[in-house]
Amino acid sequence: MDKFTRPTGTQDLLPAEQPYWEYVTSSAAATARRFGYERIETPIFEATGLFARGVGGATDIVEKEMYSFRDKGDHALTLRPEFTAGVVRAYIENGLHTLPKPVKLFSLGPIFRYERPQAGRFRQFHQFNAEIFGIQDPLADLETMLLAWDLYAGWDFKGLAFQLNSTGCPVCRPTFSAALRDYYQSHLHEICEDCKRRLETNPLRVLDCKQERCQPVIAGAPQSIAHLCEECSTHFTSLRSYLDALGRPYTINPRLVRGLDYYTKTVFEVWAEGIGAQAAVCGGGRYDGLIELLGGRPTPAVGFAAGLERIILVMKAQGLTPPALPVPPVFIAFSGDAARATAVRLVVDLRAAAIGAQIAMGGSLKAQLRQADKAQARFVFIIGEDELARGEVNFKDMATGTQLTVALGTAAAQVSQALAAC
RNA sequence: GUGGGCGUGGCCUAAUGGUUAAGGCUCCUGACUGUGACUCAGGCAACUGUGGGUUCAAGUCCCACCGUCCACCCCA
């Protein structure tokens with residue numbers, strides 16, 4: 001029979017990887033809570049139309065990356081390719097606009113995009129996502145960026161580059177797009193084929209073309225921040241002044257444009273080195289039109305997503321190790337059938353006393369001790385038939401190798417005392 | 001979707017076109033004590049990714065497919 005293998009682009013997160021995942025997810029949640037964000041969990045699949053409209057029909061995500069299917073009821077569904085559309089849908093559907101503003105939400109979970117896998121890219125991957133609803137003030141943009149900062153600072157990341165830009169709003173972006181298109185019309189013979197295509201489909205994206213020949217054209221291209229309307233310009237200036245006052249390092253990147261249609265005003269990314277070509281560990285921005293677009297009342301919002309796989313890649317590249325996960329400190333070995341029942345009783349009693357304990361499930365005493373060693377148990381109860389006849393058990397400290405004989409009835413107290421001492 | 005690298009036990013690695021595909025790690029058993037690590041002895045485990053082709057003979061050469069890794073596109 002053929003062996004089953006995991007689908008392309010998916011991964012098995014084995015026990016050896018779990019310290020990273022536990023660490024990253026728990027600290028991200030803790031940091032978000034420190035900022036006053038609350039967790040929201042939305043379905044892993046949604047109506048296909050939600051993403052088609054929310055993310056934008058001209059995006060790569062919608063054009064070629066969605067895992068779409070029909071269920072037995074003939075509903076068109078799609079595994080979420082990002083968090084925001086689903087969170088916005090939940091915000092509208094559950095009337096979260098009635099909550100005191102700002103509404104600050106975070107999510108953590110798997111995301112699906114049909115792409116060719118490479119370093120830092122998977123078809124099923126995981127994101128931490130945070131959104132603030134209901135605040136137009138750039139203070140919300142600032143809070144969003146500060147959360148990203150604190151996340152990475154908390155993990156001791158070094159050498160991250162914060163990239164910032166503003167791509168305007170429905171008022172000023174058309175002006176900028178037109179200016180960009182005009183400029184490119186006069187350089188058509190100098191640019192690559194992809195850029196010619198981009199000019200038609202999504203003109204802003206010519207700006208982050210990586211082709212050598214396009215670089216001089218990009219360098220001379222008009223910049224969005226020079227074409228912002230007064231409102232967008234003021235917004236951007238305020239955000240920058242907040243950042244400057246706090247002394248947060250960032251780079252104004254006129255070439256930073258994002259692949260999703262819904263962004264307005266602020267866009268930002270965080271880049272890491274040393275994890276391959278997919279260097280963006282975090283991306284986000286403001287999306288003031290999205291809630292209304294999806295059927296809610298006009299609501300300003302801003303948020304970002306951080307890729308957990310890439311975060312863990314950075315940890316490994318920078319030699320950062322997560323704390324070890326706890327293991328039961330006690331192991332119970334026994335010899336002989338009479339001791340077996342006592343061993344079972346003891347392991348149950350220890351757990352009832354909130355002491356982590358495992359019991360041997362067979363093998364010679366030697367094999368049991370070996371198992372205790374592999375399981376990194378600090379203390380082992382060894383129940384032998386001779387001692388048991390006297391109502392006693394052996395209590396061994398695996399770190400020192402010392403062993404003493406104690407009364408069976410005092411076993412739990414014995415462990416508590418020993419654990420408190422180490 | 002496009003391009004390139006790579007596919008040998010669970011993992012890592014070896015094998016001038018020529019016996020029964022070798023070794024290390026892991027795992028299991030045993031010896032040194034009814035008692036872990038260190039050491040020693042032994043054991044389980046691969047139709048060499050799949051299917052064709054060349055050849056007297058293919059892990060090795062050729063083709064296709066699949067998988068994987070990296071890069072492009074794009075993004076976290």
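A residue is called buried under 20% relative accessible area, exposed over 50%, and partly exposed in between, with a 1.4 Å probe and protein chains only. By that scale Ile-44, at 34% relative accessibility, counts as partly exposed. This is a predicted model, in which local features need pLDDT of at least 70 and side-chain atom pairs count only at pLDDT 80 or more, whereas totals for chains, interfaces and linings use all residues. Residues are numbered from 1 along each chain as its sequence is written, and side-chain values use heavy atoms, with hydrogens and water left out.

**Surroundings of RNA strand B**
- RNA strand B is surrounded by 47 residues (a heavy atom within 4 Å), and the closest are Arg-121, Arg-198, Gly-259, Ala-280 and Gly-384.
- Of the atoms of RNA strand B that come within 4 Å of the protein, sugar and phosphate account for 54%.
- The surface near RNA strand B has, by class, 20 charged, 14 nonpolar and 13 polar residues.
- With seven residues, α13 gives the most to this surface near RNA strand B.

**Polar contacts (N or O atoms within 3.5 Å)**
- A polar side-chain atom of Arg-258 lies 2.8 Å from a phosphate oxygen of RNA strand B.
- The bases are approached by a polar side-chain atom of Lys-396, 3.0 Å from a base oxygen of RNA strand B, and by a backbone N or O atom of Gly-120, 3.4 Å from a base nitrogen of RNA strand B.

Definitions and conventions. Chains are lettered from A and ligands numbered from 1 in the order in which they are written. A polar contact is a pair of N or O atoms within 3.5 Å; within protein, one must be able to donate a hydrogen and the other to accept it, and residues adjacent in sequence count only if both atoms are side-chain atoms. Helices (H or I, at least four residues) and strands (E, at least two) are DSSP runs, numbered from the N terminus. Ala, Val, Leu, Ile, Met, Phe, Trp, Tyr, Cys and Pro count as nonpolar, Asp, Glu, Lys and Arg as charged, and the others, Gly among them, as polar.
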